[in-house]
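Dear colleague,

I am handing over the structure we spoke about, and below it you will find an account of what turned up when it was examined. Please read the text with the structure open beside it.

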Amino acid sequence: MEYLIRHIEDYAKLSEYEKENMLLFVKKRHFEKNEIIFTEGKIANEIYFVTKGCVRLFYNVDGKDRTAFFYTDGQFICAGESYTYNVPARENYQAIEKTEIYVFDKANIKKLLEVSSKFELIARIATENELIVCQRIIASFVTKSAEERYIELLETNGELFQRVPQQYIASFLGVSPETLSRIKKRVLSKGNS
C-alpha cells in the first residue's frame, strides 16, 4: 500500500485520514503466472494498480490473441471505455508472472470520494495512463517498422525480454515469432559491427 500511496502523492499529498480510508476501501489481490485478471465481454467495475509483476493486455482477433501492451510496477490499468460507459469490454488482462495489484472498485471509489475529492485523482490518473498507452501504441504502429518498435522496446523496457514469453513480444510488435528471431539477429549483428 505504501508504494501505491507514494505514487498517488506524486500528484497530491494525502492526510493520515485519507490513507486510513484507502486501507479500508482498496483491496490487494494476488494473481498466479498466466492467471486471467479480467476478460472481454464483462463490464469493467474496477481500476487496478500494479505493485509487483507484469500484466498483459490482449484482444481476441479471429480466435487468436493479440498482445497490445504490458503493464509493470507502478502502472494503473483500466478498461476505460467499459468502465466509463458501462459497455462490455473488448480487452483482456492476464498476469504474465506472479502479480500483486491493488483493486479500486466503483462502489469503494464512491466511498473514497465522500472522504476526499483528492481520490478523483485515481480515476483521472488511470484514465490518463490508458490514453497515453493507446497513443504510444498507435504512434508506434503508424510511424515505425517492426524492427524500430523492437529497438524502442529494448531501450525503454528491456527487462520485458526476460519476463515475458517471446510469442507475446512478437504479438506486441505485430510480427510472427520467426520474424522476431530474424529482427533480433539483425539488431544484434548491427550492434556488433
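**The sheet and what packs on it**

Strand 2 and strand 7 (residues 92-95) run antiparallel and are joined by 2 bridges, and in one of the pairings I36 has Q94 of strand 7 as its bridge partner. Please keep in mind throughout that this is a predicted model. The two strands belong to an open sheet of 4 strands, whose order is 2-7-4-5 and whose pairing is antiparallel. Strand 2 (36-38) and strand 5 (64-72) stand at the edges, and because each has a single partner strand, one side of each is left without a neighbour in the sheet. From one strand to the next, the twist averages 35°.

Two helices are to be mentioned with this sheet. Helix 5 (residues 120-143) lies across strand 5 and strand 7, and runs at about 125° to strand 5. Helix 8 (residues 166-173) also packs on the sheet, where it touches strand 4 (54-61), strand 5 and strand 7, with a direction that makes about 100° with that of strand 5.

**Helix 2**

Which residues of helix 2 (residues 16-25) are buried? They are E18, K19, N21, M22 and F25, and because they cover an arc of only 160° around the axis, they fall on the same side of helix 2. On the other side of helix 2, the residues E16, Y17, L23 and L24 are exposed. The cover over the buried residues of helix 2 includes helix 1 (2-9), strand 1 (27-31), strand 8 (99-105) and helix 4 (106-115).

**Cysteines**

The structure holds 0 disulfides. C54 is in none, and the nearest cysteine sulfur to its own, that of C134, is 17 Å away. C54 is buried, with a relative accessible area of 0%, whereas C134 counts as partly exposed, at 39% relative accessibility.

**The annotated domain**

Finally, an unreviewed UniProt entry carries the annotation "domain: Cyclic nucleotide-binding" for residues 10-113. Over residues 10-113 the model is 23% helix and 43% strand, and the end C-alpha atoms are 19 Å apart.

Methods. Residues numbered from 1 in each chain as written. Predicted model: local features only at pLDDT ≥ 70, side-chain atom pairs only at ≥ 80, totals over all residues. Heavy atoms only, no water. UniProt positions renumbered as here; feature names shortened; annotations may be inferred. Disulfide = S-S within 2.5 Å. Buried < 20%, exposed > 50% of the residue type's maximum accessible area, 1.4 Å probe, protein only. Arc of directions from axis to C-beta. Contact = heavy atoms within 4.5 Å. Pairing = 2+ DSSP bridges. Axes fitted to C-alpha atoms, helices over the stretch in contact; angles between N-to-C directions.
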